[in-house]
Structure formats: C-alpha cells, structure tokens
Amino acid sequence: MTITKKEIAEIFNVSQRTIERLVQENVLIPESATRGKPQKFEVHESVKRYTSYLHDKGAAGQKDAETQRMEKERLTADLRYKEGRATITELEAQELQGKMHRSEDVAAFTEDLVYTIRGMMLALPGRLAIDAAAMTDPAEVSAFIRGEVYAILEELSRFEYDPEKYAERVRERRNWSGSSNDEEEG
C-alpha cells in the first residue's frame with residue numbers, strides 16, 4: 001500500500017517539509033514518481049525506516065547525554081583537584097610565612113622540650129645530693145629542694161617560641177640551604 005507525502009506526514013505527525021528533508025537524507029525513499037504525480041511512499045517500509053531513524057537518533061541523543069554526563073564528572077573532578085591544589089599551595093605559603101606549622105614540626109619541638117625537662121629533672125638529684133646531705137633540719141632540706149625546683153620552673157618559663165627555629169626546620173625538610181632567598185625557593 002502506498003500513500004502520499006501529505007498522508008505520511010499526518011501519520012508521522014510532522015510537516016510535509018520534514019518529509020522532504022527525510023527524503024533528502026535518504027531516511028524515506030519514495031517510489032519512483034512519474035511527472036506531474038505526487039510522490040508516493042510504501043507505508044510498511046516507510047514506517048520501518050522512520051522508526052529506525054528515530055531509534056538511532058534517540059541512541060545518539062543518549063550517547064550525547066552520556067558524553068555530557070562524563071564531561072560534567074570530569075569537570076567536577078578537575079575542579080576538586082584544582083581546589084585541593086589551591087588549598088595545599090595556600091597552606092604551604094602560610095607555612096613558609098611562619099603562620100602555620102606542620103604537626104610533625106610541632107611534635108618534634110614538643111619532644112625536644114620534653115627531653116629538656118627530663119634532663120633537668122634527672123640532673124636534680126645529683127645537684128641536690130651533696131648540699132642536702134649536709135643539712136640536718138628537714139624544713140631546711142625541704143626549702144632547699146623547693147628552691148631548686150622553682151629554679152627549674154623559672155628556667156622553663158623563659159622558654160619561648162622561636163620562629164627562626166621553625167623556619168630552619170622547614171628549610172631543612174624542603175632541602176633548602178640556611179638562607180631562604182627567592183632563587184632557592186623557586
């Protein structure tokens with residue numbers, strides 16, 4: 001059974017111009033027409049070709065959607081990566097300016113302070129033994145020991161943060177020399 005361009009346009013719910021475009025794209029193939037007579041299309045074959053065309057077009061659209069989804073995921077991952085790099089760079093700048101310290105540096109300096117305190121405490125009995133042994137009054141021995149403990153505490157209270165020591169540790173960790181000029185940093 002054959003039908004006209006107008007009838008097939010109505011079946012497909014498209015304009016006659018769209019049918020002409022589909023003919024130019026070889027989606028629809030009219031039967032050979034004679035001069036002066038309108039083009040005719042075989043219904044079964046035209047419906048089959050048009051539905052195949054729509055299916056292929058839909059699959060291409062799905063591929064486009066998949067491509068767009070993958071591109072969006074790639075851009076999102078790229079953005080997260082760049083944000084992470086920016087954060088790292090900002091933290092490194094703060095570290096180099098002495099505004100932020102790495103936990104391992106703080107731990108190392110805290111450990112150094114603990115060993116200093118430990119050394120002072122272990123030296124205390126040796127420093128006190130001879131003088132305390134010469135004393136006979138327990139109150140005098142107690143006051144003497146208290147005075148030495150206060151001396152250690154006073155010495156520890158003078159401990160201060162030294163930004164140069166942290167800067168030196170940063171340079172050491174980054175394998176920079178003792179001076180930090182721009183040539184060595186870049």
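**Briefing: rings, cores and helix packing**

At 10% relative accessibility, Tyr50 counts as buried (buried means under 20% relative accessible area, exposed over 50% and partly exposed in between, with a 1.4 Å probe and protein chains only). Keep in mind that this is a predicted model, where local features need pLDDT of at least 70, side-chain atom pairs count only at pLDDT 80 or more, and totals for chains, interfaces and linings use all residues. Residues are numbered from 1 along each chain as its sequence is written, and side-chain values use heavy atoms, with hydrogens and water left out. Tyr50 is a handy place to start, as it turns up in a ring pair and in the largest nonpolar core.

**Aromatic rings**

- A pair of aromatic rings is described by the distance of the centres and the angle of the planes.
- Rings of Phe, Tyr and Trp (its six-membered ring) pair if their centres lie within 6.5 Å; planes under 30 degrees apart count as stacked, over 60 as edge-to-face and the rest as tilted.
- That rule gives 2 aromatic pairs here.
- Phe12 and Tyr50 are stacked, because their ring centres sit 4.1 Å apart and their planes are at 15°.
- This pair ties together distant parts of the chain: Phe12 belongs to helix α1 (residues 5–12) and Tyr50 to helix α3 (residues 43–96), 38 residues apart. Helices (H or I, at least four residues) and strands (E, at least two) are DSSP runs, numbered from the N terminus.
- Phe12 counts as buried too, at 12% relative accessibility.
- Ring pairs join Phe12, Tyr50 and Tyr53 into a cluster.

**Nonpolar cores**

- In soluble globular proteins, nonpolar side chains tend to be buried together.
- A nonpolar core here is a set of buried Ala, Val, Leu, Ile, Met, Phe, Trp, Tyr and Cys residues joined through side-chain atoms within 4.5 Å.
- Which residues make up the largest nonpolar core? There are 12 residues: Ile3, Ile8, Ala9, Phe12, Ile19, Leu22, Val23, Val27, Leu28, Phe41, Tyr50 and Tyr53.
- Helices α1, α2 (16–24) and α3 each put at least two residues into this core.
- A second, separate core has 8 residues, including Leu128, Ala132, Val141 and Ile152.

**Around strand β1**

- Thr4 lies in strand β1 (residues 2–4) and is buried, with a relative accessible area of 19%.
- Setting aside neighbours within four places in sequence, Thr4 is in contact (heavy atoms within 4.5 Å) with Gln39, Lys40 and Phe41.
- Ile3 touches Ile8, Ile11, Gln39, Lys40, Phe41 and Val43, again not counting residues up to four places away in sequence.

- Two packed helices are described by the angle between their axes and the distance between the axes.
- Axes are lines fitted to C-alpha atoms, for helices over the stretch in contact, and angles run from 0 to 180 degrees between N-to-C directions.
- Helix α4 (residues 103–134) and helix α6 (residues 163–173) have axes that come within 11 Å and cross at roughly 125°.
- That makes α4 and α6 oblique to each other; angles under 35 degrees count as roughly parallel, over 145 as roughly antiparallel, 65 to 115 as roughly perpendicular and the rest as oblique.
- Residues making the α4–α6 contact include Val106 and Phe109 of α4 and Tyr166 and Val170 of α6.
- With helix α5 (residues 138–157), α4 packs at an angle of about 155°, with the axes 11 Å apart. The two are therefore roughly antiparallel.
- Among the residues in the α4–α5 contact are Leu128 and Ala132 of α4 and Val141 and Ile152 of α5.

**Sequence distance versus space**

- Ser103, in helix α4, is exposed at 58% relative accessibility. Ser103 and Glu148 are 45 residues apart in sequence and 33 Å apart in space, C-alpha to C-alpha.
- Ala167, in helix α6, is partly exposed, with a relative accessible area of 24%.

**Positive phi in loops**

- Asn13 has a positive phi near 60° without being a glycine. Asn13 sits in the loop between α1 and α2 and is exposed, with a relative accessible area of 70%.
- Asn26 likewise isn't a glycine, yet has a positive phi of about 60°. Asn26 is in the loop between α2 and β2 (40–42) and is exposed, at 53% relative accessible area.
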